[in-house]
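Thanks for coming. I have one model to go through today, and I will keep to a few places in it.

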Number of protein chains: 2
Amino acid sequence: MQHSNTPPVLNARVTVSPTSAEPESHRYDVLIGPRGLDELPRLLKDLVPASRYALISDRNVASLYGAHVAGLMADAGLVVDRFDFPAGEANKNREVWSDLSDRMLDARYGRDSAVLALGGGVTGDLAGFVAATYMRGLPLVQLPTTVLAMIDSSVGGKTGVDTPGGKNLIGAFLQPRLVLADTDTLRTLPEAEIRAGLAEAIKHGAIADRDYFEWIAGSVELLLGLDPAALVRLIGRSVEIKAGVVGADEREHGLRKTLNFGHTIGHAIEAQSRFSLLHGEAIAIGMVVEAEIGEALGVTASGTAERIRQTLTAFGLPVAVPADFATTATLDLTRADKKARAGRVEYALLEDIGVTSPGTGAYGIAVDDETAAEALVRCRRGAAEVSR
Amino acid sequence: MQHSNTPPVLNARVTVSPTSAEPESHRYDVLIGPRGLDELPRLLKDLVPASRYALISDRNVASLYGAHVAGLMADAGLVVDRFDFPAGEANKNREVWSDLSDRMLDARYGRDSAVLALGGGVTGDLAGFVAATYMRGLPLVQLPTTVLAMIDSSVGGKTGVDTPGGKNLIGAFLQPRLVLADTDTLRTLPEAEIRAGLAEAIKHGAIADRDYFEWIAGSVELLLGLDPAALVRLIGRSVEIKAGVVGADEREHGLRKTLNFGHTIGHAIEAQSRFSLLHGEAIAIGMVVEAEIGEALGVTASGTAERIRQTLTAFGLPVAVPADFATTATLDLTRADKKARAGRVEYALLEDIGVTSPGTGAYGIAVDDETAAEALVRCRRGAAEVSR
């Protein structure tokens with residue numbers, strides 16, 4: 001991690017270089033630290049000059065930070081309008097995307113404007129898809145206000161919306177010009193969302209860095225207590241891991257699949273819960289199940305599922321499939337996922353904590369339904385006490 | 001123009017290299033000639049291998065060529081499904097885009113599939129936007145069946161849909177993997193659409209190549225008679241010009257603006273006609289008005305508007321603003337255009353036939369409303385006889 005020397009209130013900077021197939025101009029910085037939003041006007045003037053800025057956020061975040069951010073920008077002489085939408089994943093859809101686009105068109109936003117996504121992953125994905133498709137693309141700045149958005153969704157260029165057919169099935173790649181993670185905004189985040197965000201950080205350790213995994217496992221109190229230094233270390237290292245993977249493979253044909261660890265089952269469980277489980281909660285369950293699948297196949301070192309289960313439990317995250325979730329329904333939902341190639345369901349599986357299996361060379365391992373079903377049953381709530 | 005040596009029935013090949021900012025892998029060929037569709041299965045296998053192909057076309061083109069193309073593909077062992085939508089620019093919207101995407105999702109199209117756009121500009125833009133946004137991007141093949149699509153909309157990577165706020169305001173850049181222009185498909189095209197397509201070819205001559213302009217002007221009978229050799233020459237040279245401009249500047253920040261000659265006024269007139277004028281017809285009028293604007297400003301050589309007017313008239317294209325079109329309404333519509341930057345309306349103006357004015361260095365010249373209004377009035381139907 002490079003320590004920034006220019007913006008004194010920002011403690012960490014990670015430079016993200018999208019794939020070798022992308023031009024160098026697509027490189028961008030992720031700046032992390034307390035009071036980060038205070039630096040926004042200066043950073044915009046330097047890095048993302050525009051005639052107008054569309055500040056997009058959901059109504060919850062808008063009521064907490066919208067006036068503050070817009071005020072900072074206006075005081076610095078920038079032209080900004082606020083565009084709010086109703087909070088919640090249910091609103092990350094084509095209708096709200098259309099509505100935001102139409103409101104910007106009505107306000108005569110031109111090509112020389114830019115989009116700021118202030119909020120969590122839903123806002124980043126939705127506002128990012130607005131930016132990607134408004135007049136075929138406006139510059140995008142991510143201002144994540146959740147752990148999950150800071151360490152995951154704001155980095156990597158994925159934008160999109162959900163459809164009745166599934167999550168994130170419609171979207172586009174658009175690299176942000178800047179990601180600015182103000183760790184102070186996490187103070188207003190519900191604790192369940194803090195925990196859920198940490199599940200993705202645990203995933204980063206699990207797929208790429210055992211030492212990082214163990215540091216997280218040993219820092220439960222610091223992290224749940226929002227210790228500033230611990231947060232900066234966590235976000236910085238997670239972004240480094242994600243950026244390293246994404247930089248090597250922006251379009252998900254290979255290495256990027258390692259980031260899907262926990263997500264094939266996790267997305268299915270999340271859909272099956274009708275989104276009553278948070279994304280990170282579903283992914284926590286997904287990691288345990290997929291580690292069990294890996295152990296059953298002999299791909300993953302014995303004991304890995306248990307170590308992941310212990311760590312997630314220490315953070316108060318769920319590790320068992322809800323008892324009333326039918327296994328066949330879960331499996332059907334894995335097949336609707338984007339990761340289903342030509343009818344087979346591919347998983348990203350670990351070899352061990354910190355090491356993803358290269359699989360057949362593209363980090364995807366085809367898993368038969370029987371093995372997946374058995375792991376799901378073993379990880380079911382109630383069943384867990386029996387099997388352990 | 002390189003003459004192809006492998007596919008014997010295709011007479012011309014133009015290789016398009018999107019901007020230096022794009023990776024080389026985005027390079028693609030435009031193949032032009034009679035019986036081109038017969039080569040499609042072989043070309044797909046070589047250049048765009050996929051587990052399934054979504055063949056998207058409007059119902060008119062589907063009824064003419066859908067079964068034929070799908071049959072050729074199936075005979076060659078390719079998996080293809082046909083997705084039709086109601087014909088017409090009015091259907092190039094977000095609702096039809098959603099519907100096509102949902103039908104592909106219902107049919108379980110995965111990331112290892114590809115989209116074929118068989119039809120005119122509406123189909124290319126709409127199916128292209130489906131491809132650009134389906135699971136964040138599928139490979140796209142353009143199979144243009146109109147002059148306009150062959151020489152213009154299928155090349156350059158622009159995809160998108162219209163909104164109540166204007167044309168092409170929502171969209172994305174996606175370079176096709178292949179463009180295959182079967183000139184035989186033009187035999188079923190209404191003559192008005194042939195003429196309208198030729199308006200864009202005349203524009204290509206006007207902005208970049210005087211000799212080409214004069215060759216078109218001297219080839220009225222050959223071109224309207226669909227002489228195969230003349231068509232291949234026309235499409236090939238127009239694609240070369242467009243590709244040359246696009247390759248130098250994919251994102252329209254500079255040179256690409258030269259392609260907008262005739263389009264600032266043209267798009268406004270097209271909208272004002274509520275799309276009863278074909279795009280090429282509106283652009284024909286737009287070129288005359290914008291040449292008049294250029295002459296009034298002293299940017300464009302005297303006599304240029306008249307030469308363009310003569311040439312368009314020889315092809316049976318309109319050259320006068322309809323008498324009942326209010327000038328203020330036309331001007332208001334130019335401001336809604338994407339090309340309005342920070343409230344000013346910029347035009348791409350000629351210096352002479354074959355030469356675009358570099359303007360302030362970015363091929364955009366700010367024109368005041370009074371000058372534009374005077375030119376519109378001068379070019380009005382009825383007024384023309386008086387002023388000339």
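For the complex, the predictor reports an ipTM of 0.85 and a pTM of 0.87. The average pLDDT of chain A is 90, and 90% of its residues score at least 70. Residues 1-9 of chain A have a pLDDT below 50, although in the model this stretch has 21 contacts beyond near neighbours in sequence. Where pLDDT is low, the predicted coordinates should not be read in detail.

Now chain A as a whole. Chain A has 15 helices and 14 strands. It has 388 residues, of which 63% count as buried. Taking the contacts in chain A with a separation of 6 or more, 73% are between residues 24 or more positions apart.

Two residues of chain A have backbone angles to point out. A:M135 is not a glycine, yet its phi is positive, near 50°. Where does A:M135 lie? In the loop between α4 (121-133) and β6 (140-144) of chain A. Its relative accessibility is 4%, so A:M135 counts as buried. The other is A:N168, also a non-glycine residue with a positive phi, in this case near 60°. A:N168 sits in strand β8, residues 166-173 of chain A. With a relative accessible area of 12%, under the 20% cut-off, A:N168 is therefore buried.

The crossing of α6(B) past α11(B) is left-handed. Which residues make the contact? From α6(B) they are B:A192, B:A196, B:A199, B:E200, B:I202 and B:K203, and from α11(B) they are B:H279, B:G280, B:E281, B:I283, B:A284 and B:M287. Sorted by class, that contact holds 7 nonpolar, 2 polar and 3 charged residues.

The second pair in chain B is helix α7, residues 210-217, with helix α12, residues 304-314; here the axes are 10 Å apart and the angle is about 40°. An angle of that value makes α7(B) and α12(B) oblique to each other. On the α7(B) side the contact uses B:F213, B:E214 and B:A217, facing B:R307, B:I308 and B:T311 of α12(B). By class, these residues are 3 nonpolar, 1 polar and 2 charged.

That is what I have.

Methods: Residues are numbered from 1 along each chain as its sequence is written. Chains are lettered from A and ligands numbered from 1 in the order in which they are written. This is a predicted model: local features need pLDDT of at least 70, side-chain atom pairs count only at pLDDT 80 or more; totals for chains, interfaces and linings use all residues. Side-chain values use heavy atoms; hydrogens and water are left out. pLDDT is the predictor's confidence in each residue, from 0 to 100. Contact means heavy atoms within 4.5 Å. A crossing is left-handed if the near helix is turned anticlockwise from the far one by less than a right angle, and right-handed if clockwise. Helices (H or I, at least four residues) and strands (E, at least two) are DSSP runs, numbered from the N terminus. Ala, Val, Leu, Ile, Met, Phe, Trp, Tyr, Cys and Pro count as nonpolar, Asp, Glu, Lys and Arg as charged, and the others, Gly among them, as polar. Buried means under 20% relative accessible area, exposed over 50%, partly exposed in between (1.4 Å probe, protein chains only). Axes are lines fitted to C-alpha atoms, for helices over the stretch in contact, and angles run from 0 to 180 degrees between N-to-C directions. Angles under 35 degrees count as roughly parallel, over 145 as roughly antiparallel, 65 to 115 as roughly perpendicular and the rest as oblique.
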